[in-house]
Amino acid sequence: MSLARFVAAAALSASVLSSSLSHAQEGTVRVPLATWQQLASPPSAPRASIGATSVAIGIDGELVATVRATLAIRARVDGAEALVLPPGVVVHQASADGTPIDLVPTREGLVWIVETAGSRSLELVYDVTGARDEHGASIGIPLPLAPSVRVRAELPPDAASASVVPAVSSYFLDGVLEATTSGTGALLAWRTLDGTGAAPAPSRALYRGELIDGAVRFEAELDVELARDEAVLVPLFPRDVALAVLEVDRAASPIRTTDDGRLAALVRGRGRHVLHATFEVPITSERGLPGARVPIPEVPVSRFELAIPGDKDVRVEPAVAVHRARRGASTLVSFHVPMSAEVQLAWPEALPESATGEPELRAAATLVHVVRAEEGLLRATAHVEYQLARGSASRLELRVPHGVEVDAVRADAAEVADFRVTGERERVLTVFLDRAVQDVVSLEIDYEVLLGRAGPFEVPLLEARGVRRQRGLAALLATRDLVLEPASEEGLVRVGENQLPAAIRARIDATIAHVFRWSDAPPALRASTATRPREAARFDARLDALVSLGDASTTAWAAIDVRVKSGSLSELVIALPEGASLLDVVAPSLREHRLEGSRVRLSFTQEMEGDVHVELRWERIVAAGESELDAPMAHVEGADVEQGRVAIEATAAVEVEPARTEGLSPVEVSELPEELVVRSESPVLLAYRWAHASPAPRLALRVARHRRAELREAAIDDATYRTLVTSDGLAVTVATWMVRNEREQFLRVALPAGSELWSAQVGGRAETPAIAGDVLMIGVVRAEGAFPVEIVYATPIARLGALGRLALPLARPEAIAARTRWEVLLPEGVRWSAPSSELALRERGPAIGEAPFVHGITMRGGERVVLEGLFAGREGRAPSVSIAYASGAGVWVGWLMGIVGALLVWVGLLGLVMARTGVIVVPEEGAAGTVELATYRVAASAQRATTTRRGIAMLAASAIVGAALLVLALGWLESSAWGPVGMSAMLAIGLVIAGRRRIAAWLASVRAKVAPAGAPPEGPPAS
């Protein structure tokens, strides 16, 4: 057979075999996905039924619940499955009728396979850990999968109330909760005594006390109202109280201690409760008198009834009205106290029976008058302090000059119930207090008097009545417009303003012009009003400025703090740089601001004293090509000393260098005030300070403006793809991108040709993308952090045949992904070769078990390929992968193609070599023995044949066709190379055997050439 006929026959056999294999796999069947999953899933075993179920729960101090569940199981057939618990439960013990059993974990939960039909009692023990918060604790309890579950939980002692969710009915009493529920789980939650919110306090309290040996014993009765049906702690007394009895509703109550160290009673149930307590406090003499300190809870209504042997005068702190009565040989006192944490009792001996009436009042007074003049009016405030050395007083009197109108009276030790001015010839101001006061009481009296004609007038001074001695002070003030000048100083002593009490001097908001002092009765003080000459303001200024250099303008902001040292300020002038445009002015009491060239004049609605804060903002347009400019700095005119700090920032692509500075000193950015640093939008480049009055500082800047680089407004940190390849010609891909977006409205994605979008999510929420041409536009949010964008799409691919190459492209987002990970799940039953992709191969191996994918699709078996790469697709092409495969007879077809290709290559190459060199590689005559084969005769005739062009072409075609078959089999189909390698080895061995004599002769000639001269030539050995 000629070479051409052999090649044609091999090609015809390969095409017929391939056609038969492809024809055997043709045809399509379409079924719903749910039906396909049902057909693919194994048949389920019969289920056993679950009857009466009870659960007992015990909880330890570490909040670990031990659950003991008892179930009634009934199986109608052998091998039935009982689904007893949801998945994820760690069971410590499982037994049926006392015999240990094994549970099988499944996707649906834990299953017990009942070997024989019948009824069983199943017992399960497992632990669950709970969580605690400030109000209580909660535990999620997995429950047996029964129609009804009876739950009984023993809770910790600090549980105030508890519940089970969901539950049909529940009952909680004495730390035990019983409920009925159903389902796969329930939430057990309870509130603790410390986490039930604000502790309720008693609303009323009655204390009955009597003296015993060295102590006072009290019988306390307190009313408490609870709004909810729960257990709460009611704090009562501190720990140092000797508590003898504590009862709630005449029953002994548990006693607890709160976090703040108070003894508390445990009260349960909604409604009114009565607490009875018996406690004792020791009698001490710390203050020189026998008495006792009684700590009590703060109650709105607290009544004390105390019986003391003998005739005693009981004193109470806080001061209250004490009702005293004699009962036989004892003194019975009763009183109510306000809300207080303790009550101080003392009982000196009672006054002699002969002493009647109120005790003598001995007091002294100090009067300080602060007087100021207004138009036609004189206003004054008298600060009167009474020192009560003996007795108490609830009514105080002062002499008031004629013409005085009292506006208000205030007291510090008690409330002023009323005040009245009576009398014609001698006017008396009477101040009525709501209770009697002792020791020290201060009054503050505001009064005024109308001024008549111009000229000196008498300054109205008050005088205290009923005191043994008094002294006075008068301060005449100078307001902004008027000043009080004394006309006569007879009987007065001029003193400095430091003689005024510090508390009163701190409250005076005007200039103190004169201060006079006197003793006993006040003398006649005459004064007159004079217009206060306006004093030129002297002030210092501190200026903090921030200069922002932009593309086309320079903006400046300045905060100016003016401190008026003397006089007052009615207007302020601020000089701005030439060409600056004022944008905003903020100042207190600002009437208007006027621009006078490059100066801004601020006018105030009143004379400004003290500190004045002004804020300005202005800008200056930068001329095109201007490379050196003066920083637009402001200057406060008229300031004695001007101090300032200036910070330079660049809000555009501007390079800044100082060109010239006058009167400025560089400072570190850390020395700038926080207000400047916070206001800056960009890092501060330069910072200076100055401290002088004139001339104004100057800062020239050398500016070089550059074009801004364009940045990506959206980027992808991680791109994750999962592709499931089916044998039916469909590739389903789940693409997840972690996107950072600043300004983009859409994330543009180009899907592979023919792809169909199934779903899209942005940040976990469903999104409906838009389509612009062939590009998918997914609306994205703007956020600083990365958020997930996920799409699911299906791409049609060629159906898998016996032999071929699978090509899979990916969706290409417009933004570049920093890291890309692509997981490809390939179907089983196919031999897959190594993938070829722009991404690097990280993992390759069989897919073990069932892998859930998307939309309820799972993959069983097959092969898993993981590819990874950095900045994939930056050239504008989407990543792709190409994988050669072979299945069934396709594997042998690939081997056959490789072997035939290798054979044709060797035939073509050897023929060309022999045609070129004229050497025919065949056995020599007689070498085959006595029998000469026909092939030798053909070879002998071939030695005498002549070489033609047609023969050369056929040999070259054989080599080319063989090389093409090798490339197709090994390169594209990636078949095994062992077939071609074996064929080549066999041919090489045959060639060596066929030409062994020629090889030996050639080796002999080589040795003869390299042998030394004079050496005898090797000949055949002598016979």
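Reader: Which residues is Ile57 in contact with, leaving aside its neighbours within four places in sequence?

Author: Bear in mind that this is a predicted model: local features need pLDDT of at least 70, side-chain atom pairs count only at pLDDT 80 or more, and totals for chains, interfaces and linings use all residues. Contact means heavy atoms within 4.5 Å. With sequence neighbours within four places set aside, the list for Ile57 is Ala65, Thr66, Val67, Ile141, Val151, Arg152, Ala153, Glu154 and Leu188.

Reader: Which strands stand at the edges of the 8-strand sheet?

Author: Strands are DSSP runs (E, at least two residues), as are helices (H or I, at least four), numbered from the N terminus; two strands pair if DSSP finds at least two bridges between them. This open sheet is mixed, with the order E5-E4-E8-E2-E1-E11-E14-E13. The edge strands have a single partner each, so one side of each is left without a neighbour in the sheet: they are E5 (99-100) and E13 (169-173).

Reader: Do E1 and E11 in that sheet run parallel or antiparallel?

Author: Strands of a sheet pair through backbone hydrogen bonds, either parallel or antiparallel. Here Thr53 stands opposite Val149 in E11. Strand E1 (residues 49-59) and strand E11 (residues 149-154) are joined by 6 bridges, and they run parallel.

Reader: What is the average twist in the 3-strand sheet?

Author: It's an open, antiparallel sheet in the order E49-E55-E52. Strand E49 (628-630) and strand E52 (654-662) are the edge strands, each pairing on one side only. Axes are lines fitted to C-alpha atoms (for helices over the stretch in contact), with angles running from 0 to 180 degrees between N-to-C directions. From one strand to the next, the twist averages 30°.

Reader: What is the bridge partner of Arg315 in E29?

Author: E29 (residues 342-346) pairs antiparallel with strand E24 (residues 291-295) over 5 bridges, and there Arg293 has Gln344 as its partner. Strand E26 (residues 315-317) is also joined to E29, by 3 antiparallel bridges. In that pairing, Arg315 sits across from Ala346.

Reader: Is Thr479 buried or exposed?

Author: Thr479 lies in the loop between strand E37 (469-478) and strand E38 (482-488). Beyond its neighbours within four places in sequence, Thr479 is in contact with Arg372, Ala373 and Arg532. Its relative accessibility is 16%, so Thr479 counts as buried.

Reader: How many aromatic pairs are there?

Author: Rings of Phe, Tyr and Trp (its six-membered ring) pair if their centres lie within 6.5 Å; planes under 30 degrees apart count as stacked, over 60 as edge-to-face and the rest as tilted. Ring pairs link Tyr207, Phe218, Phe237, Phe279, Phe304 and Phe335 into a cluster. By that rule the count is 6.

Reader: Why is the pair of Phe218 and Phe279 called stacked, and how far apart in sequence are the parts it ties together?

Author: Their ring centres are 5.6 Å apart and the planes are at 20°, so the pair counts as stacked. Phe218 lies in strand E17 (residues 215-226) and Phe279 in strand E23 (residues 271-282), so the pair ties together parts whose separation in sequence is 61 residues.

Reader: What is the angle between the planes of Phe304 and Phe335?

Author: Phe304 is buried at 1% relative accessible area, and Phe335 is buried at 1% as well. This aromatic pair is stacked, with 5.3 Å centre to centre and a plane angle of 5°.

Technical notes
Residues are numbered from 1 along each chain as its sequence is written. Side-chain values use heavy atoms; hydrogens and water are left out. Buried means under 20% relative accessible area, exposed over 50%, partly exposed in between (1.4 Å probe, protein chains only).
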